[in-house]
Amino acid sequence: MDKNNSYSIPMSLEEAKKFIKDSPKLFYHNISIDTVIIGYHQRSLKILLEKPQFSEHEWMLPGGYIRRDQTAEEAAQKIVQDRTRLKGLTLQQYMIYSSPGRTWGNENSIRRLLESAGIEVGDNFWMFDKFMSIGFFALTEYSKVEPSGDFYSEECKWFSLDELPPLIFNHHQMIKDALHRLRHHIVFHPIGYTLLPDKFTLPEIMSLYETILGKTLDARNFAKKLTNLGIIVKTNETRNIGAHRSPYLYVFNKVKYDEFLRQNEALIL
């Protein structure tokens, strides 16, 4: 079976019917995936959310299930790819959530949604049980994303961090935890390869780090650290951004970039 073509959450009514029929044997029960997809654009962070059809006012993080022939990372990658239409985004597993209160509640909203679509399920259907969830986060340049929902969602779109809508379960906490882990992650690992243009200025990459960290960095020390480590390389090209202002452009050294992704030396002081 082609894992890349398998689904974690049905994308259409036809897939939903097949999902209900085949899912008890195809998927691990009582464990799910939730993804915090973080978009960066013009010094702002955004979160990709979807509006589930079974909730009147609340939104949720993109999520799904793990097939028995998948790893958790493969399932998370498929979920992210389905929602963004982008392949190969770097994912980071950051936490497992196992509170006994993480259920769909007594109203069985999913049941009503399925039945309204002509799909009948029994009382013991595995999706109605309690789940623990593995949290992943991914970073992307949000303007490259084509937000795409699935059978269960009415809408999928970006929200600014300071304008998040009501969310189901503990998804607000999941976002806070993902951002906390991201801020720790970028102290030790480089970022920016999928977030910045192929060629960028020092202020652009520093702005990316400052936006995520939520604090001002020392420009001289920041540039010196990344260039001395060889993560970024100065080119002979400049960008004209105004009168007497033509900063040099830099590029990532992908070999060094990937090397430091595997290490734990502090990059940002």
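**Contacts, cores and a buried strand**

In this predicted model, the side chain of Asp258 makes a polar contact with the side chain of Lys254 at 2.8 Å (a polar contact being a pair of N or O atoms within 3.5 Å; within protein, one must be able to donate a hydrogen and the other to accept it, and residues adjacent in sequence count only if both atoms are side-chain atoms). Asp258 sits in helix H7, residues 254-261 (helices are DSSP runs of H or I with at least four residues, strands are E runs of at least two, and both are numbered from the N terminus). With 24% relative accessibility, Asp258 comes out as partly exposed (buried is under 20% relative accessible area, exposed over 50%, partly exposed in between, using a 1.4 Å probe and protein chains only). Its C-alpha atom is 9.0 Å from that of Ile231, 27 residues apart along the chain.

A few ground rules apply: residues are numbered from 1 along each chain as its sequence is written, and side-chain values use heavy atoms, with hydrogens and water left out. As the model is predicted, local features need pLDDT of at least 70 and side-chain atom pairs count only at pLDDT 80 or more, while totals for chains, interfaces and linings use all residues.

Ile231 also turns up among the members of the largest nonpolar core, 41 residues in total, that touch the most other members, a group including Val36, Ile205 and Phe252. Such a core is a set of buried Ala, Val, Leu, Ile, Met, Phe, Trp, Tyr and Cys residues joined through side-chain atoms within 4.5 Å. Domain 1 (13-185) and domain 2 (199-263) each supply at least three residues to this core, the bounds coming from an automatic or database domain assignment. A second, separate core of 20 residues includes Ile20, Phe54, Leu113 and Met127.

Turning to the strands, S2 (residues 45-52) has eight of its eight residues buried, so it is largely enclosed by the rest of the structure. Leu45, Ile47, Leu49 and Lys51 point one way from S2, with Lys46, Leu48, Glu50 and Pro52 pointing the other way. S2 runs antiparallel to S1 (residues 27-40), joined by three bridges, and antiparallel to S6 (residues 153-160), joined by seven; strands pair if DSSP finds at least two bridges between them. Lys46 has bridge partners on both sides: Gly39 and, in S6, Ser160.

Finally, Thr84 in helix H2 (residues 72-84) counts as buried at 0% relative accessibility. Its side chain reaches the backbone nitrogen of Leu86 at 3.1 Å.
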